[in-house]
Amino acid sequence: MNKVSVNQPIVEIDGDEMAHTMWTLVKDRLITPNVEVPILRFDLSLRNRERTGDRVTLQAAKAVAEHQVGVKCSTITPDAARAAEYRLTKLWPSPNGTLRNELNGVIFREPVIIDSVPRLVPGWVKPIVIARHAHADQYKAVNFAVPGAGRLTLTYTPDDGSPATSHEVAAFPKGGGVAMGMYNYTDSIRDFARACFAYALTRGYPVYFSSKNTVLKAYDGHFKDVFESVYADEFQSSFEAAALFYEHRLIDDMVASALKWEGGYVWACKNYDGDVQSDIVAQGFGSPGLMTSVLTSPDGSIQLTEAAHGTIARHHRRREAGETTSTNPTATIYAWTRALAHRAALDGNTALAGFAADLELATVKTVEEGTMTADLARLVPTHAEAVTTEGFIQAVADRLAARSGGGAT
(Lines give C-alpha, C1' and ligand atoms only; values in the text may rest on other atoms or scores of the structure.)
Protein backbone atom coordinates (compact mmCIF):
# COMPACT_ATOMS: atom_id res chain seq x y z
CA MET A 1 0.00 0.00 0.00
CA ASN A 2 1.25 3.46 -0.89
CA LYS A 3 1.42 5.86 2.02
CA VAL A 4 -1.03 8.75 2.14
CA SER A 5 0.92 11.98 1.75
CA VAL A 6 0.21 14.90 4.08
CA ASN A 7 1.98 18.24 3.71
CA GLN A 8 0.88 20.11 6.84
CA PRO A 9 1.95 18.91 10.31
CA ILE A 10 0.10 17.31 13.18
CA VAL A 11 1.14 18.12 16.73
CA GLU A 12 1.66 14.95 18.76
CA ILE A 13 1.44 15.22 22.56
CA ASP A 14 2.75 12.09 24.25
CA GLY A 15 1.89 11.01 27.78
CA ASP A 16 2.31 8.51 30.58
CA GLU A 17 2.19 4.87 31.64
CA MET A 18 -0.02 2.33 29.85
CA ALA A 19 -1.59 5.05 27.77
CA HIS A 20 1.89 5.86 26.42
CA THR A 21 2.53 2.19 25.65
CA MET A 22 -0.68 1.92 23.63
CA TRP A 23 0.07 5.27 22.02
CA THR A 24 3.40 4.03 20.74
CA LEU A 25 1.94 0.75 19.47
CA VAL A 26 -0.88 2.48 17.60
CA LYS A 27 1.42 5.07 16.08
CA ASP A 28 4.07 2.54 15.02
CA ARG A 29 1.74 -0.17 13.69
CA LEU A 30 -1.26 1.73 12.34
CA ILE A 31 -0.34 5.34 11.58
CA THR A 32 3.24 5.79 10.39
CA PRO A 33 3.24 2.70 8.12
CA ASN A 34 0.28 4.18 6.24
CA VAL A 35 0.58 7.97 6.44
CA GLU A 36 3.52 10.20 5.57
CA VAL A 37 2.84 13.24 7.75
CA PRO A 38 5.12 15.76 9.48
CA ILE A 39 4.74 15.18 13.23
CA LEU A 40 5.76 17.76 15.80
CA ARG A 41 6.17 15.79 19.03
CA PHE A 42 5.93 17.17 22.56
CA ASP A 43 6.66 14.93 25.54
CA LEU A 44 4.13 15.70 28.27
CA SER A 45 5.09 12.77 30.44
CA LEU A 46 5.18 13.77 34.09
CA ARG A 47 8.97 13.43 34.23
CA ASN A 48 9.42 15.80 31.32
CA ARG A 49 6.98 18.31 32.74
CA GLU A 50 9.09 18.22 35.90
CA ARG A 51 12.29 18.65 33.87
CA THR A 52 10.94 21.61 31.92
CA GLY A 53 9.06 23.28 34.77
CA ASP A 54 5.91 22.53 32.75
CA ARG A 55 7.00 24.88 29.98
CA VAL A 56 6.54 22.00 27.54
CA THR A 57 2.77 22.11 28.07
CA LEU A 58 2.56 25.75 27.03
CA GLN A 59 4.84 25.02 24.06
CA ALA A 60 2.54 22.20 22.97
CA ALA A 61 -0.54 24.43 23.26
CA LYS A 62 1.13 27.11 21.15
CA ALA A 63 2.00 24.56 18.47
CA VAL A 64 -1.56 23.22 18.33
CA ALA A 65 -2.91 26.76 17.99
CA GLU A 66 -0.47 27.44 15.16
CA HIS A 67 -0.99 24.22 13.18
CA GLN A 68 -4.69 23.72 14.10
CA VAL A 69 -4.43 19.94 14.62
CA GLY A 70 -3.16 18.08 17.66
CA VAL A 71 -3.47 14.56 19.04
CA LYS A 72 -2.91 13.87 22.72
CA CYS A 73 -2.09 10.82 24.83
CA SER A 74 -3.41 10.58 28.39
CA THR A 75 -1.22 12.21 31.05
CA ILE A 76 -0.86 12.14 34.83
CA THR A 77 -2.23 14.97 36.92
CA PRO A 78 -0.19 14.49 40.09
CA ASP A 79 -1.52 14.28 43.63
CA ALA A 80 0.61 13.97 46.75
CA ALA A 81 1.22 10.26 46.20
CA ARG A 82 2.33 10.82 42.60
CA ALA A 83 4.55 13.70 43.70
CA ALA A 84 6.36 11.35 46.05
CA GLU A 85 6.54 8.57 43.45
CA TYR A 86 8.03 10.85 40.79
CA ARG A 87 9.98 13.06 43.22
CA LEU A 88 8.33 16.21 41.96
CA THR A 89 9.31 19.68 43.08
CA LYS A 90 5.64 20.74 42.97
CA LEU A 91 2.18 19.47 42.07
CA TRP A 92 2.11 20.41 38.39
CA PRO A 93 -1.34 21.39 37.09
CA SER A 94 -3.45 19.24 34.79
CA PRO A 95 -2.04 19.41 31.25
CA ASN A 96 -5.58 19.05 29.95
CA GLY A 97 -6.67 22.10 31.92
CA THR A 98 -3.74 24.15 30.64
CA LEU A 99 -4.38 23.12 27.04
CA ARG A 100 -8.10 23.90 27.33
CA ASN A 101 -7.42 27.33 28.75
CA GLU A 102 -4.72 28.19 26.22
CA LEU A 103 -6.88 27.08 23.28
CA ASN A 104 -10.16 28.44 24.69
CA GLY A 105 -11.45 24.96 23.98
CA VAL A 106 -14.74 23.13 24.34
CA ILE A 107 -14.66 19.35 24.83
CA PHE A 108 -16.97 17.07 22.87
CA ARG A 109 -17.00 13.43 23.98
CA GLU A 110 -18.88 10.83 21.99
CA PRO A 111 -19.07 7.04 22.27
CA VAL A 112 -17.92 4.66 19.57
CA ILE A 113 -20.99 2.50 19.00
CA ILE A 114 -20.26 -1.14 18.20
CA ASP A 115 -23.35 -3.28 17.65
CA SER A 116 -21.87 -6.43 19.17
CA VAL A 117 -20.98 -4.71 22.45
CA PRO A 118 -23.90 -4.74 24.93
CA ARG A 119 -24.73 -1.44 26.61
CA LEU A 120 -25.42 -0.97 30.29
CA VAL A 121 -28.28 1.26 29.12
CA PRO A 122 -29.85 -0.90 26.38
CA GLY A 123 -32.08 1.90 25.09
CA TRP A 124 -29.10 3.99 23.99
CA VAL A 125 -28.91 3.29 20.26
CA LYS A 126 -27.59 6.64 19.02
CA PRO A 127 -24.59 8.62 20.27
CA ILE A 128 -24.93 11.01 23.20
CA VAL A 129 -22.39 13.78 22.66
CA ILE A 130 -21.31 15.42 25.92
CA ALA A 131 -20.16 19.01 25.41
CA ARG A 132 -18.20 20.18 28.41
CA HIS A 133 -17.53 23.83 29.15
CA ALA A 134 -13.96 23.25 30.24
CA HIS A 135 -13.42 26.64 31.85
CA ALA A 136 -13.40 27.84 35.47
CA ASP A 137 -16.25 26.92 37.88
CA GLN A 138 -14.96 24.38 40.45
CA TYR A 139 -11.71 23.86 38.52
CA LYS A 140 -10.51 27.42 39.06
CA ALA A 141 -12.25 27.99 42.40
CA VAL A 142 -10.65 29.33 45.57
CA ASN A 143 -11.45 26.81 48.27
CA PHE A 144 -10.17 26.48 51.80
CA ALA A 145 -10.84 25.01 55.21
CA VAL A 146 -12.34 27.49 57.66
CA PRO A 147 -10.59 26.92 61.01
CA GLY A 148 -13.17 28.36 63.37
CA ALA A 149 -15.83 30.93 64.07
CA GLY A 150 -15.96 33.90 61.72
CA ARG A 151 -17.77 35.54 58.83
CA LEU A 152 -17.21 34.87 55.14
CA THR A 153 -17.94 37.57 52.56
CA LEU A 154 -17.49 37.95 48.81
CA THR A 155 -16.49 41.39 47.56
CA TYR A 156 -16.57 42.66 43.97
CA THR A 157 -14.55 45.82 43.30
CA PRO A 158 -15.24 47.39 39.86
CA ASP A 159 -12.27 48.62 37.83
CA ASP A 160 -14.13 51.81 36.92
CA GLY A 161 -13.90 53.16 40.46
CA SER A 162 -17.55 52.74 41.35
CA PRO A 163 -18.40 51.42 44.82
CA ALA A 164 -17.56 47.86 45.78
CA THR A 165 -20.31 45.36 46.48
CA SER A 166 -20.07 42.80 49.30
CA HIS A 167 -22.18 39.73 49.98
CA GLU A 168 -22.16 37.82 53.23
CA VAL A 169 -21.82 34.10 52.45
CA ALA A 170 -21.91 32.52 55.90
CA ALA A 171 -21.38 33.02 59.61
CA PHE A 172 -19.29 30.04 60.73
CA PRO A 173 -19.66 28.52 64.20
CA LYS A 174 -16.63 27.67 66.31
CA GLY A 175 -16.30 24.29 64.59
CA GLY A 176 -15.47 26.05 61.30
CA GLY A 177 -16.08 24.25 57.99
CA VAL A 178 -15.14 24.70 54.35
CA ALA A 179 -15.68 27.47 51.82
CA MET A 180 -15.36 28.03 48.09
CA GLY A 181 -15.67 30.92 45.69
CA MET A 182 -15.96 30.25 41.96
CA TYR A 183 -16.63 32.20 38.78
CA ASN A 184 -17.00 32.17 35.01
CA TYR A 185 -16.83 34.73 32.21
CA THR A 186 -19.65 35.81 29.92
CA ASP A 187 -17.36 35.68 26.87
CA SER A 188 -16.36 32.11 27.67
CA ILE A 189 -19.98 31.02 28.17
CA ARG A 190 -20.91 32.66 24.87
CA ASP A 191 -18.08 30.87 23.04
CA PHE A 192 -19.19 27.60 24.63
CA ALA A 193 -22.73 28.09 23.37
CA ARG A 194 -21.54 28.93 19.87
CA ALA A 195 -19.30 25.87 19.77
CA CYS A 196 -22.16 23.60 20.90
CA PHE A 197 -24.61 24.91 18.32
CA ALA A 198 -22.06 24.85 15.50
CA TYR A 199 -20.94 21.31 16.34
CA ALA A 200 -24.54 20.09 16.56
CA LEU A 201 -25.30 21.46 13.11
CA THR A 202 -22.40 19.48 11.64
CA ARG A 203 -23.77 16.31 13.27
CA GLY A 204 -27.44 17.00 12.60
CA TYR A 205 -28.30 16.80 16.31
CA PRO A 206 -30.47 18.95 18.59
CA VAL A 207 -28.89 20.60 21.65
CA TYR A 208 -29.90 20.38 25.29
CA PHE A 209 -28.24 22.58 27.89
CA SER A 210 -28.68 21.56 31.52
CA SER A 211 -28.22 23.64 34.65
CA LYS A 212 -29.64 24.18 38.14
CA ASN A 213 -30.90 27.70 37.55
CA THR A 214 -33.77 27.22 40.00
CA VAL A 215 -31.20 27.15 42.82
CA LEU A 216 -28.32 29.18 41.37
CA LYS A 217 -30.62 31.83 39.93
CA ALA A 218 -27.85 34.31 39.08
CA TYR A 219 -24.97 31.93 38.31
CA ASP A 220 -26.69 29.17 36.33
CA GLY A 221 -29.37 31.62 35.26
CA HIS A 222 -26.70 33.60 33.41
CA PHE A 223 -25.56 30.47 31.55
CA LYS A 224 -29.18 29.82 30.55
CA ASP A 225 -29.71 33.41 29.38
CA VAL A 226 -26.51 33.45 27.32
CA PHE A 227 -27.38 30.16 25.61
CA GLU A 228 -30.86 31.42 24.73
CA SER A 229 -29.45 34.70 23.38
CA VAL A 230 -26.81 33.03 21.20
CA TYR A 231 -29.34 30.55 19.86
CA ALA A 232 -31.95 33.20 19.02
CA ASP A 233 -29.48 35.68 17.51
CA GLU A 234 -27.13 33.35 15.62
CA PHE A 235 -28.43 29.81 15.17
CA GLN A 236 -32.22 29.49 15.41
CA SER A 237 -32.90 29.92 11.69
CA SER A 238 -30.23 27.36 10.76
CA PHE A 239 -31.55 24.89 13.33
CA GLU A 240 -35.13 25.25 12.15
CA ALA A 241 -34.07 24.85 8.52
CA ALA A 242 -32.38 21.58 9.53
CA ALA A 243 -35.45 20.47 11.56
CA LEU A 244 -33.40 20.71 14.78
CA PHE A 245 -34.06 22.47 18.08
CA TYR A 246 -32.50 23.78 21.28
CA GLU A 247 -33.91 23.30 24.77
CA HIS A 248 -32.79 24.08 28.33
CA ARG A 249 -33.56 21.53 31.03
CA LEU A 250 -32.86 21.30 34.72
CA ILE A 251 -29.94 18.94 35.17
CA ASP A 252 -31.81 16.47 37.38
CA ASP A 253 -34.59 16.25 34.78
CA MET A 254 -32.01 15.91 32.01
CA VAL A 255 -30.22 13.05 33.77
CA ALA A 256 -33.48 11.17 34.22
CA SER A 257 -34.56 11.83 30.63
CA ALA A 258 -31.22 10.74 29.19
CA LEU A 259 -31.65 7.29 30.70
CA LYS A 260 -34.92 6.73 28.85
CA TRP A 261 -34.15 8.47 25.55
CA GLU A 262 -32.37 6.68 22.69
CA GLY A 263 -29.60 9.26 22.20
CA GLY A 264 -28.87 11.34 19.14
CA TYR A 265 -28.27 14.76 20.68
CA VAL A 266 -25.61 17.12 22.03
CA TRP A 267 -25.82 17.55 25.80
CA ALA A 268 -24.16 20.83 26.79
CA CYS A 269 -22.89 20.77 30.38
CA LYS A 270 -21.11 23.11 32.72
CA ASN A 271 -17.56 22.14 33.64
CA TYR A 272 -18.12 19.78 36.58
CA ASP A 273 -21.33 18.33 35.13
CA GLY A 274 -19.58 17.53 31.86
CA ASP A 275 -16.69 15.87 33.66
CA VAL A 276 -19.09 13.52 35.44
CA GLN A 277 -21.60 12.90 32.68
CA SER A 278 -18.97 12.05 30.07
CA ASP A 279 -17.77 9.16 32.23
CA ILE A 280 -21.32 7.96 32.86
CA VAL A 281 -22.09 8.01 29.15
CA ALA A 282 -18.82 6.24 28.32
CA GLN A 283 -19.57 3.39 30.71
CA GLY A 284 -23.23 3.26 29.68
CA PHE A 285 -22.22 2.58 26.09
CA GLY A 286 -19.92 -0.25 27.16
CA SER A 287 -16.48 0.99 28.15
CA PRO A 288 -14.43 4.16 28.72
CA GLY A 289 -12.17 2.66 26.06
CA LEU A 290 -14.91 3.38 23.51
CA MET A 291 -15.08 7.15 23.96
CA THR A 292 -13.79 9.78 21.58
CA SER A 293 -12.76 13.21 22.82
CA VAL A 294 -12.26 16.37 20.78
CA LEU A 295 -11.18 19.72 22.19
CA THR A 296 -12.22 22.35 19.67
CA SER A 297 -11.98 26.11 19.44
CA PRO A 298 -15.34 27.93 19.34
CA ASP A 299 -15.21 28.29 15.56
CA GLY A 300 -14.09 24.69 15.03
CA SER A 301 -10.87 25.61 13.22
CA ILE A 302 -8.53 24.18 15.91
CA GLN A 303 -8.97 20.64 17.19
CA LEU A 304 -7.03 18.62 19.74
CA THR A 305 -8.16 15.01 19.90
CA GLU A 306 -7.35 12.64 22.75
CA ALA A 307 -8.07 9.35 24.41
CA ALA A 308 -10.71 10.14 27.04
CA HIS A 309 -9.52 7.59 29.61
CA GLY A 310 -6.66 7.91 32.08
CA THR A 311 -3.13 6.53 32.00
CA ILE A 312 -4.27 3.09 33.27
CA ALA A 313 -1.60 2.84 35.95
CA ARG A 314 -2.68 -0.63 37.09
CA HIS A 315 -1.96 -2.14 33.67
CA HIS A 316 1.28 -0.18 33.43
CA ARG A 317 2.55 -1.73 36.66
CA ARG A 318 1.60 -5.19 35.45
CA ARG A 319 3.64 -4.68 32.29
CA GLU A 320 6.56 -3.41 34.32
CA ALA A 321 6.37 -6.71 36.20
CA GLY A 322 6.65 -8.61 32.90
CA GLU A 323 2.96 -9.48 32.48
CA THR A 324 0.89 -9.03 29.32
CA THR A 325 -2.21 -6.86 29.34
CA SER A 326 -5.50 -6.75 27.49
CA THR A 327 -6.05 -2.99 27.43
CA ASN A 328 -8.48 -1.42 24.98
CA PRO A 329 -6.68 0.92 22.52
CA THR A 330 -9.81 1.96 20.60
CA ALA A 331 -9.93 5.46 22.08
CA THR A 332 -6.26 5.93 21.19
CA ILE A 333 -6.89 4.79 17.61
CA TYR A 334 -9.81 7.21 17.33
CA ALA A 335 -7.72 10.04 18.75
CA TRP A 336 -5.40 9.60 15.78
CA THR A 337 -8.16 9.10 13.21
CA ARG A 338 -10.10 12.17 14.33
CA ALA A 339 -6.94 14.28 14.20
CA LEU A 340 -6.16 12.98 10.72
CA ALA A 341 -9.74 13.65 9.65
CA HIS A 342 -9.50 17.27 10.82
CA ARG A 343 -6.17 17.69 9.01
CA ALA A 344 -7.85 16.25 5.93
CA ALA A 345 -10.79 18.65 6.21
CA LEU A 346 -8.50 21.67 6.58
CA ASP A 347 -6.32 20.64 3.64
CA GLY A 348 -8.94 19.13 1.34
CA ASN A 349 -7.04 15.83 1.47
CA THR A 350 -9.58 13.19 0.39
CA ALA A 351 -7.07 10.34 0.58
CA LEU A 352 -6.30 11.14 4.20
CA ALA A 353 -10.00 11.40 5.04
CA GLY A 354 -10.51 8.01 3.41
CA PHE A 355 -7.69 6.42 5.41
CA ALA A 356 -9.08 7.76 8.70
CA ALA A 357 -12.52 6.35 7.88
CA ASP A 358 -11.01 3.01 6.83
CA LEU A 359 -9.05 2.69 10.07
CA GLU A 360 -12.15 3.41 12.16
CA LEU A 361 -14.13 0.84 10.18
CA ALA A 362 -11.36 -1.73 10.58
CA THR A 363 -11.37 -1.15 14.33
CA VAL A 364 -15.14 -1.57 14.64
CA LYS A 365 -15.20 -4.65 12.39
CA THR A 366 -12.42 -6.27 14.38
CA VAL A 367 -14.56 -6.09 17.52
CA GLU A 368 -17.80 -7.03 15.76
CA GLU A 369 -16.26 -10.21 14.44
CA GLY A 370 -15.09 -11.34 17.86
CA THR A 371 -11.57 -10.03 18.42
CA MET A 372 -11.66 -7.80 21.48
CA THR A 373 -9.88 -6.79 24.66
CA ALA A 374 -10.92 -7.93 28.13
CA ASP A 375 -13.12 -4.93 28.97
CA LEU A 376 -15.38 -5.76 26.03
CA ALA A 377 -15.08 -9.54 26.12
CA ARG A 378 -16.57 -9.70 29.61
CA LEU A 379 -19.66 -7.82 28.37
CA VAL A 380 -20.44 -10.21 25.52
CA PRO A 381 -22.91 -12.99 26.41
CA THR A 382 -20.78 -15.60 24.61
CA HIS A 383 -17.86 -14.64 26.88
CA ALA A 384 -15.48 -14.09 24.01
CA GLU A 385 -11.82 -14.80 24.62
CA ALA A 386 -9.86 -11.60 25.19
CA VAL A 387 -6.76 -10.85 23.16
CA THR A 388 -3.74 -8.89 24.35
CA THR A 389 -3.29 -5.22 23.66
CA GLU A 390 -0.75 -6.00 20.95
CA GLY A 391 -2.96 -8.74 19.55
CA PHE A 392 -5.89 -6.40 19.09
CA ILE A 393 -3.79 -3.72 17.39
CA GLN A 394 -2.27 -6.33 15.08
CA ALA A 395 -5.73 -7.66 14.19
CA VAL A 396 -6.79 -4.12 13.24
CA ALA A 397 -3.61 -3.70 11.20
CA ASP A 398 -4.25 -6.96 9.35
CA ARG A 399 -7.84 -6.01 8.58
CA LEU A 400 -6.78 -2.56 7.40
CA ALA A 401 -4.14 -4.09 5.14
CA ALA A 402 -6.68 -6.53 3.67
CA ARG A 403 -9.11 -3.71 3.01
CA SER A 404 -6.45 -1.53 1.41
CA GLY A 405 -5.39 -4.45 -0.74
CA GLY A 406 -8.92 -5.17 -1.84
CA GLY A 407 -9.51 -8.04 0.57
CA ALA A 408 -12.57 -8.73 2.69
CA THR A 409 -13.39 -6.51 5.66
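Hi everyone, a word on conventions before we start. Residues are numbered from 1 along each chain as its sequence is written, and side-chain values use heavy atoms, with hydrogens and water left out. Because the model is predicted, local features need pLDDT of at least 70 and side-chain atom pairs count only at pLDDT 80 or more, while totals for chains, interfaces and linings use all residues.

Let's begin with helix H7, residues 219-241. Helices here are DSSP runs of H or I with at least four residues, strands are runs of E with at least two, and both are numbered from the N terminus. H7 has 23 residues and reaches 32 Å from its first C-alpha to its last, close to the 33 Å expected at 1.5 Å a residue; that expected span is 1.5 Å times one less than the number of residues. Where does H7 bend? At Phe235, by about 75°, taken as the angle between axes fitted to the seven residues ending there and the seven starting there.

Phe235 is also one of the buried residues of H7, along with others including Phe223, Phe227, Tyr231 and Phe239. Buried means under 20% relative accessible area, exposed means over 50%, and partly exposed lies in between, with a 1.4 Å probe and protein chains only. The buried residues of H7 pack against helix H6 and strands S12, S13 and S14, where contact means heavy atoms within 4.5 Å. After the helix comes Ala243, with a positive phi near 60°.

On to salt bridges: a side-chain nitrogen of Lys or Arg within 4 Å of a carboxyl oxygen of Asp or Glu. The whole structure has 27 of them. In one, Arg109 meets Glu306, with the closest N and O atoms 3.2 Å apart. That pair links strand S6 to strand S16, across 197 residues of chain, and both partners are buried.

Compare Asp187 and Arg190, which pair at 3.1 Å, N to O. Both sit in helix H6, three residues apart, about one turn. Asp187 counts as exposed because its relative accessible area is 53%, while Arg190, at 27%, is partly exposed. There is also a network: Glu17, Arg82, Glu85 and Arg317 are joined by salt bridges that share partners.

Last stop, His315 in helix H10. Is His315 buried or exposed? Its relative accessibility is 10%, so it counts as buried. Leaving out residues up to four places away in sequence, His315 touches Met18, Thr325, Ser326 and Thr327.
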